[in-house]
Amino acid sequence: MQNNFLSDYIILQTIGKGTFSVVKLGLNKKTKEKVAIKILKKKKIIHKTDKIRLEREISILKKLNHINVIKIHKINDDQEKYYIVIEYCENGELF
């Protein structure tokens, strides 16, 4: 079932996986802009240090505005997952 928060997007293929998350390619239905949608399962974030790291990552990315830094468009969550819609960097890496 798709989170209502994501109803503005067409969810395409998986473009990455990590310890806590999967990253999907999304397409904004209105603007046709490609985005990356990072989906994190809350039950996998069990250690306090991991939650602090996630909160710090979000806080820093929200404050930064630089051409070489991925921008966060939207953040939301439900009972099971966090959803972070970020700028899509084609042929790029986040590290």
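Which residues does S21 touch, not counting residues up to four places away in sequence?

**View 1. S21 and the residues it touches.** This is a predicted model. S21 touches K38, I39 and L40, leaving aside residues up to four places away in sequence. S21 lies in strand β2, which spans residues 21-28. The relative accessible area of S21 is 14%. Buried means under 20%, so S21 counts as buried.

**View 2. I84 in strand β5.** I84 is found in strand β5. I84 is buried, at 4% relative accessibility. Its contacts, not counting residues up to four places away in sequence, are A36, I37, K38, L40, L54, I58, I72, K74 and I75. H47 lies 37 residues from I84 along the chain. The C-alpha atoms of I84 and H47 are separated by 20 Å.

**View 3. The largest nonpolar core.** This core has 13 residues. Which of them touch the most other members? They are L40, I45, L54, I72, I84 and I86. Two or more residues of this core come from each of β3 (34-41), α1 (48-63) and β5 (81-87).

View 4. Another, I39, is touched by S21.

**View 5. K42 and the ring of Y82.** K42 lies over the face of Y82. The distance from the ring centre is 4.9 Å. What of pairs between aromatic rings? The count of aromatic pairs comes to zero.

**View 6. The whole protein, for orientation.** How many helices and strands are there? The protein has one helix and five strands. From the N terminus on, the elements run β-β-β-α-β-β. The radius of gyration is 13 Å, close to the 12 Å that the globule rule gives for 95 residues, so the protein is as compact as a globular protein of that length. Along the principal axes, the C-alpha atoms fill a box of roughly 35 × 35 × 20 Å. Buried residues make up 29% of the 95 residues. Among contacts with a separation of 6 or more, 42% join residues 24 or more positions apart. The accessible surface comes to about 7,100 Å². Carbon and sulfur atoms account for 51% of that surface.

Key: Residues numbered from 1 in each chain as written. Predicted model: local features only at pLDDT ≥ 70, side-chain atom pairs only at ≥ 80, totals over all residues. Heavy atoms only, no water. Phe/Tyr/Trp six-rings, centres within 6.5 Å; stacked < 30°, edge-to-face > 60°. Lys NZ or Arg CZ within 6 Å of the ring centre and 35° of its normal. Core = buried A, V, L, I, M, F, W, Y, C linked by side-chain atoms within 4.5 Å. Buried < 20%, exposed > 50% of the residue type's maximum accessible area, 1.4 Å probe, protein only. Helix = DSSP H or I, 4+ residues; strand = E, 2+ residues; numbered from the N terminus. Rg over C-alpha atoms; globule rule 2.2 N^0.38 Å. Contact = heavy atoms within 4.5 Å. Areas by Shrake-Rupley, 256 points an atom, 1.4 Å probe, with all protein chains shown as cover.
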